[in-house]
Amino acid sequence: MVEGAARDISFRLEEQARHVRLFNDEYRHMIAQLSRYPNDENTRQIINTRLKERFPNIDSFTITNAAGLPVLDDFDGNIGDVCQRDIINFSTEVKRLHESNTAQNVIFIHPQADRYHYDIMAAVRDGLPHPARSIFLVSFKPDPIRDILKSREIPGHKLMLTKLHDNALIEISAEGTRDLMARSGRLTRDELLSIKTSENIPGTDWVMVDLQDPSYEQNYINRLWKEAAGIILIVAVTNILIFLIFSARIKYGEIRESKSENKTYPWIKHET
């Protein structure tokens with residue numbers, strides 16, 4: 001279960017990152033144009049429309065400089081402190097590889113108020129040297145990740161993505177991101193100790209864990225006993241009813257037989 005869910009999520013993220021890089025390459029001239037002229041609203045709207053057609057779970061997009069500062073007007077506050085550090089790390093990776101289209105950022109949840117998301121980045125191919133490269137950043141809603149967890153769960157088990165470098169912090173569960181869960185966003189010490197199966201998700205700061213419900217097995221056994229007791233009671237009542245019916249029929253038969261004898265041999269007197 002854990003391995004299968006981890007594989008599904010890893011494949012989805014890899015494909016998503018690949019398509020973001022392809023989009024960045026396909027629309028490199030428009031993205032470079034917007035990077036140089038951030039007030040070009042027409043180009044911005046075209047890119048936004050194309051992104052929504054390509055990625056149904058997109059949240060937003062922006063362009064930043066290598067320091068993580070937005071090139072476009074950031075009216076929605078898309079670039080928080082966590083995003084900015086992530087962009088700087090990605091820019092460092094771009095410089096290290098000397099090939100922008102192979103660099104990948106580490107994926108994790110950015111806890112922006114009311115808009116928890118994860119980012120996928122690509123270096124803008126604007127012809128500038130690597131240190132000056134702008135970053136094309138696409139933010140995604142984690143709903144499809146949640147749906148994978150939900151579809152892979154079996155009764156008595158809860159699949160969760162926790163932070164690899166803070167294993168008590170829940171990133172996503174079958175309910176959604178931690179801000180949407182009915183429980184605490186952190187695992188308790190007992191829950192951490194109860195985890196027997198886990199799987200790292202490549203290219204992310206996530207680890208998939210299987211959190212077992214300790215009460216599920218006992219509740220399941222109790223339900224079985226209740227069902228068995230109900231079946232036994234039904235069988236017992238049925239047998240008693242059958243016994244009473246047959247007893248009544250036998251008694252009724254004896255009475256009819258006695259009356260029949262009296263009619264056939266009226267001279268025979270039965271002594272009391």
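Trainee: Which residues have the most contacts inside the largest nonpolar core?
Mentor: A nonpolar core is a set of buried Ala, Val, Leu, Ile, Met, Phe, Trp, Tyr and Cys residues joined through side-chain atoms within 4.5 Å. Buried means under 20% relative accessible area with a 1.4 Å probe, counting protein chains only. Here the largest such core has 39 residues, and Ile9, Leu51, Phe136, Leu161, Trp206 and Met208 have the most contacts inside it. Helix 1 (residues 2-26) gives the most to this core, with 8 residues; helices are DSSP runs of H or I, at least four residues, and strands are runs of E, at least two, numbered from the N terminus. Keep in mind that this is a predicted model, where local features need pLDDT of at least 70, side-chain atom pairs count only at 80 or more, and totals for chains, interfaces and linings use all residues. Residues are numbered from 1 along each chain as its sequence is written, and side-chain values use heavy atoms, leaving out hydrogens and water.

Trainee: What does leucine 51 touch?
Mentor: Contact means heavy atoms within 4.5 Å. Setting aside residues up to four places away in sequence, Leu51 touches Phe23, Ile58, Phe61, Phe136 and Val138.

Trainee: How many aromatic pairs are there?
Mentor: A ring pair is described by the distance of the centres and the angle of the planes. Rings of Phe, Tyr and Trp (its six-membered ring) pair if their centres lie within 6.5 Å; planes under 30 degrees apart are stacked, over 60 edge-to-face, the rest tilted. That rule gives 6 aromatic pairs. Tyrosine 118 and tryptophan 206 have ring centres 6.2 Å apart and planes at 85°, so they are edge-to-face. Both tyrosine 118 and tryptophan 206 are buried.

Terms used:
Buried < 20%, exposed > 50% of the residue type's maximum accessible area, 1.4 Å probe, protein only.
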